[in-house]
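Student: I have a model open beside its sequence, and I would like to go through it with you by question and answer.

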Amino acid sequence: MLSTAPFEVPQYLLDRAKGLDRVPMAVAGADNMVVMESARQATEAGLITPVLVGDRGEIESLAETMGWDISAYRIVDTGGEDESAAARATVALARDGEVRALMKGHVHTDALMAAVVARETGLRTGRRLSHVFHMTVPRSGRVLMITDGAVNVAPNENTLMDIVNNAVGLAHALGNAEPKVAILSGTESALPAMPSSMTAKAIVERARAGEVTGAVVDGPFAFDNAVSPEAARFKGIDSPVAGNADILVVPNIETGNGLFKMMVYFMSGLAAGVVLGAKVPIVLTSRADPPEARFAATAIAAIAAAGKASGPA
């Protein structure tokens with residue numbers, strides 16, 4: 001049965017964002033009503049100073065319809081060009097240091113990410129890009145991050161190390177000084193017959209050798225043993241992560257994508273999606289996302305950008 005409970009923006013994000021300077025954020029493809037509403041909401045909440053990228057005439061027409069005075073905000077006009085032009089212009093703003101975060105608007109994910117990862121003109125760093133779903137459910141204070149369910153399809157061991165470190169950095173920015181990281185598989189034992197369990201074991205060994213700091217990393221875990229203390233106790237798993245994971249690192253995109261959608265549709269989980277590992281954080285939303293998820297993701301990106309600007313968490 002699908003949940004009908006209303007989505008909720010976690011209060012702790014709003015509290016965390018209080019007192020921070022507004023983050024300059026470029027909106028790729030702002031010439032769309034839903035996107036403009038998202039940008040206005042984040043602006044009026046004091047989170048961002050928007051730079052609106054897209055067709056100037058359409059952006060100004062939408063703003064007039066909405067009753068939003070955007071005269072104080074910059075518009076980068078890409079006219080009637082295709083969405084790739086808006087994506088490239090948005091990325092250029094970040095590359096040149098004019099904004100500290102990006103929001104995917106009315107452009108396809110492939111177009112935006114192609115501009116982000118372009119070797120000569122993009123926003124690459126020494127770390128692989130990855131996606132985090134910041135998950136919360138109504139009437140619960142627990143935060144669960146699922147990574148990567150949107151960018152890396154079948155990550156190898158080295159990519160998974162970057163995925164772990166990206167998520168740990170975000171947890172630090174959001175106030176969790178030592179997140180518990182569970183490396184998921186289909187078992188709690190390292191079995192050669194299940195390759196993901198062997199990879200999980202290798203990730204844990206590398207983390208404990210110093211490749212991950214400011215976190216407790218353990219695995220492999222089946223999903224129940226990562227999130228349920230009762231299941232972990234029943235199976236006799238002795239680990240501070242067992243049953244108490246803050247971050248779930250999935251072995252492939254299918255696992256992460258299915259897991260977050262089950263939380264959304266069965267539990268009214270709020271899935272706030274952010275891409276990390278580039279020079280700036282990127283709000284990566286879907287057309288199916290509710291306004292609450294877009295707002296929460298924007299708050300997360302703004303907090304992460306503010307943390308990066310002030311130095312390591």
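Tutor: This is a predicted model, in which local features need pLDDT of at least 70 and side-chain atom pairs count only at pLDDT 80 or more, while totals for chains, interfaces and linings use all residues. Residues are numbered from 1 along each chain as its sequence is written, and side-chain values use heavy atoms, with hydrogens and water left out.

Student: In which sense do strand E10 and strand E11 pair, parallel or antiparallel?

Tutor: Strands are DSSP runs of E with at least two residues, and helices are runs of H or I with at least four, numbered from the N terminus; two strands pair if DSSP finds at least two bridges between them. In E11, Ile282 is the bridge partner of Val275. Over two bridges, E10 (residues 270-276) and E11 (residues 282-283) pair in a sense that is antiparallel.

Student: Which strands stand at the edges of the sheet?

Tutor: The open sheet has eleven strands with mixed pairing, in the order E3-E2-E1-E4-E11-E10-E5-E6-E9-E7-E8. Each edge strand has a single partner, so one side of each lacks a neighbour in the sheet; these are E3 (74-77) and E8 (216-221).

Student: How many residues of helix H6 are buried?

Tutor: Buried means under 20% relative accessible area, exposed over 50%, and partly exposed in between, with a 1.4 Å probe and protein chains only. Helix H6 covers residues 157-173 and is followed by Gly175, whose phi is positive, near 105 degrees. H6 is largely enclosed by the rest of the structure, because the buried residues among its 17 number 13.

Definitions and conventions
Expected span 1.5 Å × (residues − 1).
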